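Thanks for coming. I will go through one structure today, from the overall picture down to a few single residues.

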Amino acid sequence: MRTNSSSYLRARGSVTVPPSCLCLRSRLGLNSSITAFRPPAHRVIVQSTREFHSSGRLRAVPAPLIWLVLKPLQKLVAIILGRSIRKWWMALPDNKKQLFREWTWRRRWHLLGAVSGLLFFISLLFLTHLDESPITGRTRLLLFSKEAFMELAQSTAEAYMEEFKDSLIAPSDPRHQAVELLVETLVKRNKDIGEMSAVPWTVHVVDGPPINAFVLPNGEIFVFTGMLQAVADIHQLVFILGHEMAHALIGHAAEQASLSHVVDLLSVVLLTAIWAICPRDSLALLGQWIQGKLVQFLFDRPFSRKLEAEADQVGLQLAAKACADVRAATVFWQQMEIYDQLSGQPTIPEWLSTHPSHQNRVRQLDRLVPEALELRARCDCPALPEVDPRVVFYKSVQLLLDKIEKQELMEKEEKIEKERSGVMLPLPQSHPVPAQGSPPQLGGVLVTSALPQTLLSK
């Protein structure tokens, strides 16, 4: 399915959408719709229904599921084949080895032609499976159909529902209704995107501490209450929901599986060669480990970071058209950076991660915010407050650091005075820190003496 070319985002986040067909001309903004919230009689979010059959229907196994099952078998076959070739070659007498080399040289052009034909058919397969990404218009490789991934997503959703069955919040809960209303607002305000109306969005709120939210390709939205506690306002939550919905709209799951499939097939050839050439199994195991790490750090993780950055870009546009304050998106990732430091999570280089670093996300979103604000203004949204939430956050952290610095200085002076007077000192009082197992609330006041000055580099 394609969207109108007028609704595409061009490369590098430039917004080139004509104002006439950009968004729905509704004067109802996000703030007013939340303030005047009433449980609506009809939801845009449609629960999928099951047809009645006297006997169960036989369904073909989804192609992605077959690939997931065969993926580990590919490596096993490659190892066995490569090792068998090595054993066969080592067992050959020297004269037969020489005869084989001469036979190979005489037929080198035939072998070269066979390899060239194979490469031609592989290239033809790739060219016939090129697709244009919705919204962004980016050319990509898709080996799996959307329908096949929908079946796999439905099975995954059923597994998640079974896993979270004891922690799902009732639809009548205000938290569930709030998330559902925000999703409904995003859907209504982005109806010019064909995929948005084609997906039956369904909300599930899970009572759990993880700061997480995800959307399956079939529109099943899972939001943890830990995420609801982490965001400072609904504008941040709208951006997070837009980011996750963008993954489903663009079809990132099918795209990532397609690339992994191609890389795995090429890796099988390389793995067979490694086990055939290496003289010992120990060297072959080392070569296999190096090959796996190279694939991971040169293909899988960089591509995953690329998809995350694209979801940030599209999610920001969806939030802008839903009349959210898109400036709050960068504040959320700054809050997450503070949370990671407060919770003692180790900082790893970005090239080792599947997601961009918080700092890079802040920089990218800051570049996209001006265009998103222009997009928001063209959608007849209410005017935003003049106070920038990014400035408010920066000043709040600065004031907090100044207060902590003054408090530490006063404690130090008090300690020196008491030492001079010879008075026994009480145990020093430490600044309040989050208790073990209870993460700090990002939406509230941050109280810590460990906030580094690097957070103010922006």
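Residues 24 or more positions apart account for 76% of the contacts in this protein that have a separation of 6 or more. Keep in mind that this is a predicted model. The protein has 14 helices and five strands. Of its 458 residues, 41% are buried.

I will start with a pair of helices. Helix H12 covers residues 328-342 and helix H13 covers residues 358-377. Their axes come within 9 Å and cross at roughly 170 degrees. An angle over 145 degrees counts as roughly antiparallel, so H12 is roughly antiparallel to H13. Which residues make the contact? On the H12 side they are Ala329, Thr330, Trp333, Gln334, Met336, Glu337 and Asp340. On the H13 side they are His358, Gln359, Arg361, Val362, Leu365, Asp366 and Val369. By type, the residues of this contact divide into six nonpolar, four polar and four charged.

One residue of that contact deserves a second look. Threonine 330 sits in helix H12 and is buried, with a relative accessible area of 0%. Leaving aside residues up to four places away in sequence, threonine 330 touches Val362, Leu365, Asp366, Val369 and Arg390. Arginine 390 is 60 residues from threonine 330 along the chain, yet the two C-alpha atoms are separated by 7.2 Å.

Now the cysteines. How many disulfides are there? The count comes to one disulfide. Cysteine 323 and cysteine 381 form it, with their sulfur atoms 2.0 Å apart. The torsion about the S-S bond is about -80 degrees, so this disulfide is left-handed. The pair links distant parts of the chain, 58 residues apart. Cysteine 323 is in the loop between helix H11, residues 281-321, and H12. Cysteine 381 is in the loop between H13 and helix H14, residues 389-421. Are these two cysteines buried or exposed? Both cysteine 323 and cysteine 381 are buried. Cysteine 278 is buried too, with a relative accessible area of 17%; the cut-off for buried is under 20%.

Cysteine 323 comes up again for its backbone. Most residues other than glycine have a negative phi. Cysteine 323 is not a glycine, but has a positive phi of about 70 degrees. The relative accessible area of cysteine 323 is 1%. Isoleucine 135 is another non-glycine residue with a positive phi, of about 75 degrees. Isoleucine 135 is found in the loop between strand E1, residues 130-132, and strand E2, residues 139-141. Isoleucine 135 is buried, with a relative accessible area of 1%.

Next, charge pairs. Side chains of opposite charge can pair when their charged atoms come close. A search of the whole structure finds 15 salt bridges, and I will take a few of them.

In one of them, the side chains of aspartate 281 and arginine 86 meet at 2.7 Å, N to O. This pair links distant parts of the chain: aspartate 281 is in helix H11 and arginine 86 is in helix H2, residues 63-91, which puts them 195 residues apart. Aspartate 281 counts as partly exposed, at 27% relative accessibility. Arginine 86 is buried, with a relative accessible area of 4%.

Another salt bridge joins lysine 188 and glutamate 184, the closest N and O atoms being 3.1 Å apart. Why are these two separated by about one helical turn? Because lysine 188 and glutamate 184 are four residues apart in helix H6, residues 174-189. Lysine 188 is partly exposed, with a relative accessible area of 38%, whereas glutamate 184 is buried at 4%.

The side chains of aspartate 173 and arginine 175 also meet in a salt bridge, at 3.1 Å, N to O. Arginine 175 is partly exposed, with a relative accessible area of 37%.

Last, there is a network. Asp131, Arg138, Arg140, Glu255 and Glu310 are linked in a network of salt bridges.

Helices H12 and H13 are roughly antiparallel. Cysteine 323 and cysteine 381 form a disulfide.

Technical notes: Residues are numbered from 1 along each chain as its sequence is written. This is a predicted model: local features need pLDDT of at least 70, side-chain atom pairs count only at pLDDT 80 or more; totals for chains, interfaces and linings use all residues. Side-chain values use heavy atoms; hydrogens and water are left out. Axes are lines fitted to C-alpha atoms, for helices over the stretch in contact, and angles run from 0 to 180 degrees between N-to-C directions. Angles under 35 degrees count as roughly parallel, over 145 as roughly antiparallel, 65 to 115 as roughly perpendicular and the rest as oblique. Contact means heavy atoms within 4.5 Å. Ala, Val, Leu, Ile, Met, Phe, Trp, Tyr, Cys and Pro count as nonpolar, Asp, Glu, Lys and Arg as charged, and the others, Gly among them, as polar. A disulfide is a pair of cysteine sulfur atoms within 2.5 Å. Buried means under 20% relative accessible area, exposed over 50%, partly exposed in between (1.4 Å probe, protein chains only). A salt bridge is a side-chain nitrogen of Lys or Arg within 4 Å of a carboxyl oxygen of Asp or Glu.
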